[in-house]
Amino acid sequence: MTDYISNYARRKQYLFHFYSVVSGDTVSFPALLTQLDNKFSPSWNSEKVFGRQDPILTFQGTERTMNVAFDVPSERKSQAKTNLVALNKLINFLYPAFNEEGYAN
């Protein structure tokens, strides 16, 4: 039996590919992007000074927040298990690793 979803995803290039800088591992699976938000929030410190009507603003920094959502379709139970393994591997990419004592990647 052919795997329709995986074949279609490869043909249309609907595969998500992720690479771990820490371990050098890769993971890919068929997925459809459903949400992508990119938000920047600068913060400023306001200080009132004698002799000025308007406060002096000093830049403190910028916080960046990204939200990504995607659907991972599965045609049958075996493919769902394979996708779950790939997603768990992707989750492991989010954590640091320690190669030598005192150094974090």
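On the face of helix α2 turned away from its buried side lie the exposed residues K77, K81, L84, V85 and N92, where exposed means over 50% relative accessible area, buried under 20% and partly exposed in between (1.4 Å probe, protein chains only). The model is predicted, and local features need pLDDT of at least 70, side-chain atom pairs count only at pLDDT 80 or more, and totals for chains, interfaces and linings use all residues. Residues are numbered from 1 along each chain as its sequence is written, and side-chain values use heavy atoms, with hydrogens and water left out.

Helix α2 spans residues 77-92, and its 16 residues reach 23 Å from the first C-alpha to the last, close to the 22 Å expected at 1.5 Å a residue (the expected span being 1.5 Å times one less than the number of residues). Helices (H or I, at least four residues) and strands (E, at least two) are DSSP runs, numbered from the N terminus. The buried residues of α2 are Q79, N83, A86 and L90. They cover an arc of only 60 degrees around the axis, which puts them on the same side of α2; the arc is that of the directions from the helix axis to the C-beta atoms. These buried residues pack against α1 (4-12), β1 (15-19), β2 (26-30) and β4 (56-71).

The largest pocket has a volume of about 210 Å³ and is lined by F18, Y19, F70, L87, L90, I91, F93 and L94. On a 1 Å grid over the protein atoms alone, a pocket is an open set of points where a 1.4 Å probe fits, with protein on both sides within 12 Å along at least five of seven lines, and lining residues have an atom within 4 Å of a point. Both β1 and α2 supply at least two residues of this lining, and the largest share, three residues, comes from α2. By class, the lining has eight nonpolar, no polar and no charged residues.

Terms used
Contact means heavy atoms within 4.5 Å. Grid points are joined across faces, edges and corners, and a volume is the space filled by probe spheres set on the points. Ala, Val, Leu, Ile, Met, Phe, Trp, Tyr, Cys and Pro count as nonpolar, Asp, Glu, Lys and Arg as charged, and the others, Gly among them, as polar.
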